[in-house]
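Please work through the exercises below with the sequence and the structure open beside you. Try each task on your own before you read its solution.

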Amino acid sequence: MDFLEIFPNLPAKSIFKFSVVSKECHEILSWKLLANKQCKNLEGREDSCFFIQPKSAPTSLQLNYLCETSKSFCGFPSASLEFLSTKGSMIASYNGLLCCKNLEDAEYPLFLCNPVTKTWLPIIKPTSDFKIDYPFSFILVCNIDDYNHEDDYKLMYVGSFSQDVWNTNTKLCRIYWPQKKVWEEYGEMVIGSRSIDFGSAAYLKNDGGTIHFMSDWGKYIAKNSPFYWPYIVSYNIRSSISKFLKIPRPARKGIFDSDCSCKFGVFKFKDPRTGKESICLIKLMKLVFSIWILTDAHSNKWKIILKSRSKAMGLYDDLKPTISGFSVINGNLLVIATGDNQLYRYPLTRDGIMSSKVKRAELIGCHQYGMDDLCFYSYSNTLRPCGDGAVPFPQQ
């Protein structure tokens, strides 16, 4: 049997099941070539599960599945979930690796881990006076081929220079390279006059890597300011150039009204037909979802692909729910959590707005967090190593 032909196409959980069949199967788990091939193969496929984590209780985690069939092959030992729930809280996920806050070590306030292989790698702080409660964002990206580095993954930090200057309109960008075990400075990101939602970052690999952040949408900026309306900050890592994208004019409607609440989010969008990547903007107001995709960043052109009431989407029948959170997974799947502990999935397509009949959301499970504001992290079941210096999880 040619294991290097078969195993790289399987999720890590399935490979571990084969490891008990024979000594030969067990030994191949240590092959770096197998792990590398499997990680790259699975990156081209859609993630089959995701984590949700309440902002009010960041050490609480729940693993969820996008479809019922995923449960048999996408998962990891319960000891790993226990480790994550006691050691830290999640802040990024990509291709099987998780980046977490380390709540027990001030010197190494971050760590990478793979819950399948039960290994973890503590990481030094990105700035000398970094504090875990600063406003910041970490973006994890794997299988990179466009950089002249030995590493095939990178961890990016966007945040304040120090505690004394956290509220400036410029943020520091640094990248951690695991081979060198150092953070390298990659320019400064200009964020404008508004605060930035660091919890909602959309990363595209095009042109050396571009990060997108949504601003806040409160009514406190002078009307003659170019930052009066909410906007999206786009930062290209290779060029260190910041740009501001205006949100579509229809997205501005009603956001400053005192009698309504709304929520925005910016996410990666992947056209299911062409595979082309862009970003999408989601607005939720009065239980109505409106979604636009960016069709031309240079001319700031958007196209609406969905506008629908939650009831028409099948999120409720009689009692109106609270939307606890939403995210886009795999670039084309809207995942929604409601205050009555339900989880739904809703496919996104370019021509969704042209349909005369709104599709119904599919119930995929439940959660335990009620109306708490939730964070979502897509997850893939791989053997990806954390890097040199990684060690097994400590015994519980």
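A residue is called buried when its relative accessible area is under 20%, exposed when it is over 50%, and partly exposed in between, with a 1.4 Å probe and only protein chains considered. The model is a predicted one, in which local features need pLDDT of at least 70 and side-chain atom pairs count only at pLDDT 80 or more, while totals for chains, interfaces and linings use all residues. Residues are numbered from 1 along each chain as its sequence is written, and side-chain values use heavy atoms, with hydrogens and water left out.

**Exercise 1. Sorting residues by accessibility**

Decide whether Lys286, Asp296 and Asn330 are buried, partly exposed or exposed.

Solution. Begin with Lys286, which is found in the loop between β16 and β17; strands are DSSP runs of E with at least two residues, helices are runs of H or I with at least four, and both are numbered from the N terminus. The relative accessible area of Lys286 is 57%, so this residue is exposed. Apart from neighbours within four places in sequence, Lys286 is in contact (heavy atoms within 4.5 Å) with Cys260 and Ser261.

Next take Asp296, a residue of strand β17, whose relative accessible area of 29% makes it partly exposed. Its side chain reaches the backbone nitrogen of His298 at 3.0 Å. That is a polar contact, meaning a pair of N or O atoms within 3.5 Å, where within protein one atom must be able to donate a hydrogen and the other to accept it, and where residues adjacent in sequence count only if both atoms are side-chain atoms.

Finally, Asn330 lies in the loop between β19 and β20 and is buried, since its relative accessible area is 16%. Its phi is near 65°, which is a positive value in a residue other than glycine.

**Exercise 2. One face of a helix**

Explain why the buried residues of helix α5 line one face of the helix.

Solution. First list the residues: in α5, which spans residues 78-87, Ser80, Phe83, Leu84 and Lys87 are buried. Seen down the helix axis, these buried residues fall within an arc of 95°, so they line one face of α5; the arc is that of the directions from the helix axis to the C-beta atoms.

**Exercise 3. Cysteines**

Find out how many disulfides the structure holds, and where the nearest cysteine sulfur to Cys100 is.

Solution. A disulfide is counted when two cysteine sulfur atoms are within 2.5 Å, and the structure holds zero of them. For Cys100, the nearest cysteine sulfur belongs to Cys113 and is 4.5 Å away, and Cys100 is in no disulfide. Cys100 is buried, with a relative accessible area of 1%, whereas Cys366, at 48%, counts as partly exposed.

**Exercise 4. The largest nonpolar core**

State which residues of the largest nonpolar core touch the most other members, and which elements give two or more residues to that core.

Solution. A nonpolar core is a set of buried Ala, Val, Leu, Ile, Met, Phe, Trp, Tyr and Cys residues joined through side-chain atoms within 4.5 Å. The largest one has 23 residues, of which Phe289, Phe326, Leu334 and Leu348 touch the most other members. The elements that give two or more residues to this core are β15, β16, β17, β18, β19, β20 and β21.

**Exercise 5. The whole chain**

Describe the chain through its secondary structure, its buried residues and its contacts.

Solution. The chain contains six helices and 24 strands. Of its 396 residues, 53% are buried. Among contacts between residues at least 6 apart in sequence, 56% join residues at least 24 apart.
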